Amino acid sequence: SCSENLLEEITELNLDRALSPTDLTAQVVDRTNVRLNWKKVSNADSYVIEIFDNAEFSGTAAKSIEGVTYEELPYTVEGLFGETLFSVRVGAVGENLKNSKWITTTFETGIEQIFNEFDPETLTEESATLHWPAGEVATGVVLMPGEIQHVVTSADVAAGATTITGLSSDVTYTATLMNGNKRRGELTFTTLLGGEGVTKVTANDNLATMIAAAADGAVFAIEPGTYVINDKIEINKNISVRGYKPHKKPVIQGAIFRVTKNAALSLRAFSLDGTGGLSDQIVVYNEDLDNPYGAFLMQNCEVKNYVKGIFYVNKKARIPSVTFTNNLIHDIECNEGDFIDFRKGIADEFTFVDNTVYNSAAARDLFRMDAGGSDNFGSVESKITITQNTFYNTINNNGKRYLYIRLANNSISFTKNLIVASEGYYANQ
């Protein structure tokens with residue numbers, strides 16, 4: 001420290017090569033794109049990106065991009081193959097300098113999704129047409145269930161569409177578009193209802209008359225249109241009434257379903273409109289019976305403009321299963337009746353899931369199950385499941401309840417429900 005032979009102080013760093021970037025990150029976005037980011041290099045003017053489908057960075061790069069500036073970060077590289085483990089390297093470029101050494105990392109893309117939105121108009125009872133951008137390469141489609149293998153031709157690739165035939169009716173298929181062993185897209189569709197035992201109904205037919213004349217176990221496929229009933233339909237045998245094209249729901253106006261003789265009833269994929277009909281509930285159990293009725297199902301329906309409610313059991317009636325799922329229910333006044341209304345009957349299992357209910361039950365209870373059901377069927381423990389529903393503007397009376405359950409034996413699961421704009425309270429029973 002006392003020597004006078006001092007070294008010359010270094011005040012700047014002169015390098016012949018750009019410094020390497022640091023902290024390189026690669027985040028997969030939208031399945032087949034990658035968002036890259038790194039820390040700035042002081043002597044770099046721009047950066048170069050190279051992406052390979054192997055760890056050795058050998059062969060031709062899948063993507064090579066030059067002239068990327070720091071201001072462009074994070075930088076997104078688009079259009080990579082799906083389900084592929086990629087290696088990426090980034091180098092810095094400076095004026096009159098050698099390029100920096102590479103910094104590297106890896107990432108794996110997800111399953112591609114190049115299918116266009118499914119067009120339900122292409123559906124039949126035995127076929128469906130799938131679309132994707134014209135020219136995008138594919139070799140086949142795999143459908144489940146059944147592991148059906150459908151070959152995609154060069155003409156299909158050019159058109160960006162393929163039609164699959166030989167399917168079964170009323171089956172929900174998952175279709176996976178393949179390019180060799182790589183998946184390029186996935187979608188789900190359900191073929192139309194048809195086949196033996198299914199009766200087509202058009203707007204020119206009298207639905208009530210057809211149900212009255214039907215055999216036990218009959219299935220009715222309702223074509224799009226409006227069916228004005230404005231009357232009671234007696235269900236005295238096992239009956240299924242379904243919309244033929246779920247994306248074009250037929251409208252059944254003013255129908256009241258009166259269930260007797262241990263019948264089962266299934267209502268699916270159509271609109272029930274009470275406008276102009278009788279002042280009553282949609283489904284009414286109408287006969288005292290010691291033996292159980294069949295199961296009840298309402299699924300994927302729109303229900304509106306009924307006066308008293310949607311489900312009424314004021315008879316000695318035991319129903320093993322009552323299920324409401326994926327319905328849109330609104331403007332049910334509930335005048336002289338509750339929304340779901342068991343007085344003397346009981347359900348072994350009552351399930352209300354994935355429904356949206358709004359502008360309904362202004363001054364009444366929503367789910368009512370009186371002690372009369374237990375009086376008539378003392379051995380039954382009713383299992384009540386109400387989950388994943390939205391209730392908006394239901395019950396505008398602060399003395400009414402969502403759960404008015406007075407059965408002697410019951411279990412209740414009320415979970416993941418959204419209640420908005422309501423004066424009612426949860427329960428006091």
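Here are the stops, starting with some ground rules.

This is a predicted model, where local features need pLDDT of at least 70 and side-chain atom pairs count only at pLDDT 80 or more, while totals for chains, interfaces and linings use all residues. Residues are numbered from 1 along each chain as its sequence is written, and side-chain values use heavy atoms, with hydrogens and water left out.

**Stop one: a salt-bridge network**

Select D338, D341, R343, R364, R368, D370 and R406: a network of salt bridges links them. (A salt bridge is a side-chain nitrogen of Lys or Arg within 4 Å of a carboxyl oxygen of Asp or Glu.) The structure holds 18 salt bridges.

Zoom in on R364 and D338, whose closest N and O atoms are 3.3 Å apart. R364 sits in the loop between β29 (356-360) and β30 (367-369), and D338 in the loop between β26 (328-330) and β27 (340-342), so this pair ties together parts 26 residues apart in sequence. (Strands are DSSP runs of E, at least two residues, and helices runs of H or I, at least four, numbered from the N terminus.)

Is D338 buried or exposed? At 0% relative accessibility, D338 counts as buried. R368 is buried as well, at 13%. (Buried means under 20% relative accessible area, exposed over 50%, partly exposed in between, with a 1.4 Å probe and protein chains only.)

**Stop two: the largest pocket**

Next, select T190, R242, P246, A269 and N300, the closest to the pocket's centre of its 19 lining residues. The largest pocket has about 360 Å³ of space. (On a 1 Å grid over the protein atoms alone, a pocket is an open set of points where a 1.4 Å probe fits, with protein on both sides within 12 Å along at least five of seven lines; lining residues have an atom within 4 Å of a point. Its volume is the space filled by probe spheres set on the points, which are joined across faces, edges and corners.)

**Last stop: an exposed loop residue**

Finally, pick D216, in the loop between α2 (207-213) and β15 (218-222). D216 is exposed, with a relative accessible area of 56%.
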